[in-house]
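Keep the 3D view open and follow along.

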Amino acid sequence: MAFQTLLAKKALGTALRNGAAELGLAPALGLCQARKLQTFSLPDLPYDYGSLEPAISGEIMRIHHQKHHQAYITNYNKALEQLDEAIAKGDASKVVGLQSAIKFNGGGHVNHSIFWKNLAPTKEGGGEPPKGALGWAIDTDLGSFEALIQKISAEGAALQGSGWVWLALDKELKKVTVETTANQDPLVTKGLHLVPLLGIDVWEHAYYLQYKNVRPDYLKNIWGVINWKYASEVYEKESA
Ligand SMILES: [Fe+2]
């Protein structure tokens, strides 16, 4: 994930400086340097906005990426800076109060960063079924590729409100599973053992301009632009 840096003064650094100064150690330890806070920036898409048509319109892709994903990043960075200040001040209440914004906006950034990689234009292999180890795992654990599509489409259509439907590698059970998460909860909130291979955004902003309220049609057409090559690479790396 792309990130940039901001400088922020730290209470911990101040305390260390003060303590070191009393001992005459500050110059030797270089403790006058401010610590760097990492923030995040919008990743580029590996394809043009209009290149997923007709499955997903260029207008949806542009707004989804430039407006929605950017908003999650902006608000995530803002929350992280506030968290940094709250920790520096020892404001425990503020630290706890920021967790919801961090989960929502940080989750939005994590999820969308995966989602863009899960898509590919048809002419670049989008929609070509997985081969090799992931193909075998899907057949073994979920019955068949067709059964997987049916299960994800059904669970995505049935998900109430906004959220995500996932194909995951369960590293504990050593099998692939279908999972859902609400809102912008990333898959990691259901356990560190779950690795996202494919995440499909079922928020209305992902399809409404083209499909209106008919989410099942969006879920029927998106399979034509799924980048199974990327999912296979993650599976092979994580299951090794
Ligand atoms: Fe989205």
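Helices here are DSSP runs of H or I with at least four residues, numbered from the N terminus. With that in hand, look just past the end of H3: Gly90 takes a positive phi of about 70° there. Please keep in mind that this is a predicted model.

Let us stay with helix H3, which covers residues 58-89. Its 32 residues, at 1.5 Å each, should span 46 Å, and the end C-alpha atoms are 45 Å apart, so the two values agree. Where does H3 bend? The bend is at His64 and comes to about 35°. His64 is also one of the buried residues of H3. An α-helix has 3.6 residues a turn, so residues three or four places apart point the same way.

Now for the sheet. Three strands form an open sheet in the order E4-E3-E5, with antiparallel pairing. E4 and E5 are the edge strands, each pairing on one side only. Neighbouring strands of this sheet are turned by 25° against each other on average, direction ignored.

| Strand | Residues |
|---|---|
| E3 | 163-170 |
| E4 | 175-182 |
| E5 | 194-201 |

How many bridges join E3 to E4? There are 8, and the two strands run antiparallel. Leu169 has Val176 of E4 as its bridge partner.

Finally, helix H7 (residues 145-158) lies across E3, E4 and E5. H7 runs at about 145° to E3.

Notes: Residues are numbered from 1 along each chain as its sequence is written. This is a predicted model: local features need pLDDT of at least 70, side-chain atom pairs count only at pLDDT 80 or more; totals for chains, interfaces and linings use all residues. The expected span of a helix is 1.5 Å times one less than its number of residues. The bend at a residue is the angle between axes fitted to the seven residues ending there and the seven starting there. A residue is buried if 20 or more other C-beta atoms lie within 10 Å of its own, exposed if 12 or fewer, and partly exposed in between; C-beta atoms are placed from the backbone. Two strands pair if DSSP finds at least two bridges between them. Axes are lines fitted to C-alpha atoms, for helices over the stretch in contact, and angles run from 0 to 180 degrees between N-to-C directions. Two residues are in contact if their C-beta atoms, placed from the backbone, lie within 7 Å.
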